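Thanks for coming, everyone. Please have a look at the structure on the screen, and then we will walk through it piece by piece.

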Amino acid sequence: MDVRADPTRQLVRLRGRSYVAFVFSPVVPIVEWLAEIDATLARSPGYFVGKPIVLDLASVDLSGAAIAHLVNSLNERGIRVLGIEGVDEERLAANMPPLLTGGRACVITRSEPAQKPEAKPKPTSLLLDSPVRSGQSIVFIEGDVTVLGSVGSGAEIVAGGSIHIYGTLRGRAMAGVNGNSNARIYCQKIEAELLAIDGYYQTAEEIDISLRNRPAQAWLEGDTMKITPLN
């Protein structure tokens, strides 16, 4: 009798992974909205290259052809759209980015009968006791970020809460990325390339030159970012 052993089955291992994505919410007329994107890229060339981008179309009513044209227009500017939300799936062609919902990934695991240890609470703040150098990107969406040193040109800090910098801010600081409009940005010397709170931003050219090299704070007042000296 020919006895053959069954090959050992390999379980597929699935993992979840969370990324911070920039959400673009276009408004009509689209041509003027794209002109604002061009102005931003002129000040910071390549800033969105390699960044996950989600296109939120909830505030506009675009046909399938118009959506495809918008995605291609962004792609020509070096902005790759990871996914689209806020639109009926029927308007998205098969070769377009997928429809996204939920906005945040979760870890996928197989349930085990063994009792799991009690999960430790996630930290609500991040403290960095060394400078953030050029090219580094610090992302902490759970809460505040505090840097005891400086943030170099070309570096970026992304926080779900407020950002506190005890040295010079020369790079980019983006606070309140989870929709926290009460977040603030503090620094001992402001030479920032870009400041952003809850999606509202100012670039280096828009920051009052009288604030340069001075302690400063930034916060939102309605839809307007305010930057004042820090007393």
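Let's start inside. Which residues does Ile190 touch, not counting residues up to four places away in sequence? They are Leu169, Leu195, Ile207, Leu211, Arg212, Asn213, Arg214, Ala216 and Ile227. Contact here means heavy atoms within 4.5 Å.

A word on the ground rules. This is a predicted model, where local features need pLDDT of at least 70 and side-chain atom pairs count only at pLDDT 80 or more, while totals for chains, interfaces and linings use all residues. Residues are numbered from 1 along each chain as its sequence is written, and side-chain values use heavy atoms, with hydrogens and water left out.

Back to Ile190. It belongs to the largest nonpolar core, which has 29 residues. Leu169, Ile185, Ile190, Leu195 and Ile227 touch the most other members. By nonpolar core I mean a set of buried Ala, Val, Leu, Ile, Met, Phe, Trp, Tyr and Cys residues, joined through side-chain atoms within 4.5 Å. Buried means under 20% relative accessible area, exposed means over 50%, and partly exposed is in between, with a 1.4 Å probe and protein chains only. In soluble globular proteins, nonpolar side chains tend to be buried together.

Now the sheet. How many strands form it, and in what order? Six strands form an open sheet, ordered β4-β6-β8-β10-β13-β14, and the pairing is mixed. Which strands stand at the edges? Those are β4, residues 125–128, and β14, residues 224–229. Each has a single partner strand, so one side of each is left without a neighbour in the sheet. From one strand to the next, the twist averages 20 degrees. Axes are lines fitted to C-alpha atoms, for helices over the stretch in contact, and angles run from 0 to 180 degrees between N-to-C directions.

Helices (H or I, at least four residues) and strands (E, at least two) are DSSP runs, numbered from the N terminus. Two strands pair if DSSP finds at least two bridges between them.

Take one pairing. Strand β6, residues 144–147, runs parallel to β8, residues 163–169, and three bridges join them. Val147 has Ile165 in β8 as its bridge partner.

Gly161 sits between β7 (156–159) and β8. Is Gly161 buried or exposed? At 4% relative accessibility, it counts as buried. Leaving aside neighbours within four places in sequence, Gly161 is in contact with Gly143, Asp144, Ala175, Gly176, Asn180 and Ala183.

On to charges. The structure holds five salt bridges. A salt bridge is a side-chain nitrogen of Lys or Arg within 4 Å of a carboxyl oxygen of Asp or Glu. Here are three of them.

One joins Asp38 and Arg77, at 2.6 Å, N to O. That pair links distant parts of the chain, 39 residues apart. Asp38 is in helix α1, residues 30–43, and Arg77 is in the loop between α2 (64–76) and β3 (81–85). Asp38 is partly exposed at 34% relative accessibility. Arg77 is partly exposed too, at 26%.

Another joins Arg170 and Glu191, with the closest N and O atoms 3.3 Å apart. Arg170 is in the loop between β8 and β9 (172–175), and Glu191 is in the loop between β10 (185–190) and β11 (194–197).

Then there is Arg172 with Glu193, the closest N and O atoms being 3.3 Å apart. Arg172 is in strand β9, and Glu193 is in the loop between β10 and β11. Arg172 counts as buried at 13% relative accessibility, whereas Glu193 is partly exposed at 22%. Salt bridges that share partners join Glu156, Arg172 and Glu193 into one network.

Back to helix α1 for a moment. Thr40 lies there, and it is buried at 7% relative accessible area. Leaving aside neighbours within four places in sequence, Thr40 is in contact with Phe48 and Tyr201.

Last stop, the rings. There is one aromatic pair. Rings of Phe, Tyr and Trp (its six-membered ring) pair if their centres lie within 6.5 Å; planes under 30 degrees apart count as stacked, over 60 as edge-to-face, and the rest as tilted. Phe24 and Trp33 have ring centres 5.9 Å apart and planes at 80 degrees, so the pair is edge-to-face. Both Phe24 and Trp33 are buried.
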